[in-house]
Amino acid sequence: MAKKKKTFYISTPIYYSSGSLHIGHCYTTVACDAVARFKRMDGYDVYYLTGTDEHGQKVQEAAKERGLTPQDFVAGLADNVQALWKRLDISNDGFIRTTDPDHEKAVADIFTKLYEKGDIYKSVYEGKYCKPCESFWTEGQLVDGKCPDCGREVTDSQEECYFFRLSKYSDRIRKLLTETDFLQPDSRVKEMVNNFIDKGLSDLAVTRTSFDWGIKVPFDPKHVIYVWIDALPNYVTALGYGGKDKTKFDKYWPCDMHMMAKEIVRFHSIVWPAILMALDLPLPKRVYGHGWIMFDGDKMSKSKGNVVDPFILTDRYGVDALRYYLLRSVPFGDDSNYTNELLLTTINTELVNDLGNLVRRTLSMSEQYFGGKVTKPKTLDDKDKYFAEAIDGMLDSVRADIDKPLLSKALETIFGVIDMSNKYIDLNKPWELKKTGDTARLEVVMYNLLESIRVCANLLLPFITNYPRRIFDGLGLPVPADFASCKHGVVNSYTTKVIEPILNRLDIKKELEELDKIADDINGKKKEVKKEDKHNNDDAPVKEISIDEFFATDLRVVDIISCEKVERANKLLKLQVFDGERMRTIVSGIAKAYTPDELVGKKAVLVANLKPAKLCGIVSEGMLLCSTVDGLPRLITPVGNAGEKVC
């Protein structure tokens with residue numbers, strides 16, 4: 001009798017249907033896809049859900065501006081979203097739209113059930129309203145008089161509404177956040193507790209009467225069910241909850257991982273579990289709120305004209321390149337800066353140079369030295385034991401990272417073995433073994449390289465979906481459906497052939513110019529040409545700045561939470577610091593002055609508004625102030641709490 005598979009349910013948020021998606025949205029979806037694909041290959045019965053949130057005032061107004069009915073408007077956007085996910089090889093099992101009839105019926109029933117239970121009541125809302133977030137706020141919840149979620153202006157609002165008794169569940173939500181690992185990373189827990197729980201949870205307005213594009217309250221149809229009771233239950237209605245067939249709900253619920261960007265963590269870690277508590281349903285196992293992808297230090301936004309079109313990038317560089325960049329270059333949980341130059345550099349360095357050259361060189365040598373036929377040697381040299389152990393250790397390491405989920409670190413593990421394989425070629429010099437006639441050693445070296453490439457390609461399949469398949473074609477092997485053969489020494493013989501490269505090396509300067517032209521055409525404007533800095537040399541005099549320029553520098557006290565060395569960089573340390581609001585990754589050239597252990601628990605001064613930069617493949621989100629003592633950098637140690645300004 002076949003053993004029943006363990007289930008794994010993962011979801012993206014449902015994306016709001018008020019405009020086209022950009023790579024900030026793609027990140028969540030690609031990240032979930034990598035986890036879902038890995039879990040399937042690791043033997044799980046996976047259900048991966050994504051979809052669109054199609055009701056609300058913004059949708060109604062956007063449709064009106066275009067001369068469309070809301071239904072026609074959201075239908076077109078849903079088609080575009082699904083076309084984008086198809087382009088990016090997203091393997092979702094379900095796609096829900098909040099205009100689906102089954103969802104609308106289930107939501108109406110959920111609302112009625114909560115009302116009859118006494119968890120929803122009618123009253124009048126009077127306070128502040130953020131239109132972009134479609135959120136009501138009290139005066140005390142505002143930050144500098146603006147929306148605490150998006151930072152935009154709010155307006156006074158008075159409206160008859162139905163309210164959900166969120167305050168009733170405050171103590172249970174606090175325990176959930178502080179006594180379990182329900183919400184991750186830990187920095188999000190601190191944000192939710194400090195900014196919302198400690199300030200007191202207010203009951204939540206869950207209907208509107210100022211627009212009519214939405215699900216009507218069954219017993220009071222002038223009210224439209226608003227966002228939270230409409231959108232959040234998609235995670236259960238997509239499985240059949242509230243319908244005739246609950247097979248999927250019984251099989252997959254509770255969800256193993258809800259993943260979303262940090263700005264909607266509040267709704268998923270506070271409001272959603274409270275609704276489930278009110279419905280007496282099991283809670284999701286984990287909610288994960290990742291950071292934003294920034295564009296030149298600013299959050300991506302259509303209104304700012306700084307979005308990056310994934311269709312253009314994939315047309316130009318391929319799907320694997322964009323998927324890899326998103327998964328490799330974004331430190332999960334933290335904000336990350338996107339630039340075209342970072343994308344192109346990542347492609348050249350890691351996909352073309354590291355992976356592409358390893359595959360090309362190895363397959364070419366296999367063809368040249370053995371006619372493409374390499375068999376497993378009867379004995380393997382002990383001096384290669386470290387190499388075989390590194391190959392064998394990848395699966396467990398990647399599996400552990402996927403469960404956290406540290407996707408960038410998982411790829412770092414795989415590419416660490418790819419880097420080791422390139423060095424193995426340089427160390428063993430197969431061309432010299434061929435020249436001296438040491439065929440036995442040459443066969444061992446070639447077999448080890450092919451095994452390394454095979455296992456790396458197997459583990460890369462969840463992350464980049466096209467090139468690994470071509471690698472297996474070059475190896476003369478079928479594409480594996482699981483990780484059963486992710487061990488060194490499994491394959492007895494190879495019949496290889498040389499394959500076309502995944503990408504040719506890019507001319508970064510030329511590509512940046514082309515991308516700038518495309519952006520100018522899209523935005524309908526030309527960028528200002530920067531004047532060349534005439535003082536760009538070491539002998540140039542120190543530039544004088546005004547007092548206003550000096551005060552534009554945001555210096556903050558930070559706590560150093562963790563620290564580690566940066567591989568292949570003698571001077572660099574990677575630090576995780578807390579700035580009073582969130583965790584940041586900082587790469588600092590202080591390794592010759594400090595060991596990682598002696599920095600943990602110390603305070604430092606952070607230049608908080610410095611443009612992020614990528615150092616050794618790590619995005620550094622600021623700079624620590626140091627003085628120089630005996631030729632070594634020494635951290636300036638402030639007095640104060642994390643987040644306080646240094647004047």
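A: Let's begin with two terms: helices (H or I, at least four residues) and strands (E, at least two) are DSSP runs, numbered from the N terminus, and two strands pair if DSSP finds at least two bridges between them. This is a predicted model, where local features need pLDDT of at least 70, side-chain atom pairs count only at pLDDT 80 or more, and totals for chains, interfaces and linings use all residues. Residues are numbered from 1 along each chain as its sequence is written, and side-chain values use heavy atoms, with hydrogens and water left out.

Q: In what order do the six strands of the open sheet stand?
A: Strands of a sheet pair through backbone hydrogen bonds, either parallel or antiparallel. Here the order is β3-β2-β1-β12-β13-β7, with parallel pairing. At the edges stand β3 (94–97) and β7 (183–184), each with a single partner strand, so one side of each has no neighbour in the sheet.

Q: How many bridges join β1 to β2?
A: Eight, and the two strands run parallel. Tyr15 has Thr52 of β2 as its bridge partner. Thr52 is also the bridge partner of Arg97 in β3. Between β2 (residues 45–53) and β3 there are four bridges, again in the parallel sense.

Q: Is β2 mostly covered or mostly open?
A: For this we use relative accessible area: buried means under 20%, exposed over 50%, and partly exposed in between (1.4 Å probe, protein chains only). Strand β2 is mostly covered, since nine of its nine residues are buried.

Q: Which helix lies across β1, β2 and β3?
A: Contact means heavy atoms within 4.5 Å. For angles, axes are lines fitted to C-alpha atoms, for helices over the stretch in contact, and the angle runs from 0 to 180 degrees between N-to-C directions. The helix is α3 (residues 70–87), which lies across β1 (7–16), β2 and β3 and runs at about 160° to β3.

Q: Which strands form the antiparallel sheet?
A: Three strands form this open sheet, in the order β9-β11-β10. Its edge strands, β9 (207–208) and β10 (215–217), each pair on one side only. Three bridges join β10 to β11 (residues 220–225), and Val217 stands opposite Asp220 in β11. Helix α4 (residues 101–117) lies across β9, β10 and β11, at about 25° to β10.

Q: Where does Pro132 lie, and which residues does Pro132 touch?
A: Pro132 lies in the loop between β4 (120–130) and β5 (135–137). Not counting residues up to four places away in sequence, Pro132 touches Lys58 and Arg152. Pro132 counts as partly exposed because its relative accessibility is 28%. From Pro132 to Glu153 there are 21 residues in sequence and 9.3 Å in space, C-alpha to C-alpha.

Q: How many disulfides are there?
A: A disulfide is a pair of cysteine sulfur atoms within 2.5 Å. By this rule the count is zero. For Cys26, the nearest cysteine sulfur, that of Cys32, is 12 Å away. Cys255 has its closest cysteine sulfur in Cys32 as well, at 8.8 Å, which is too far for a bond. Cys26 counts as buried at 0% relative accessibility, and Cys255 is buried with a relative accessible area of 0%.
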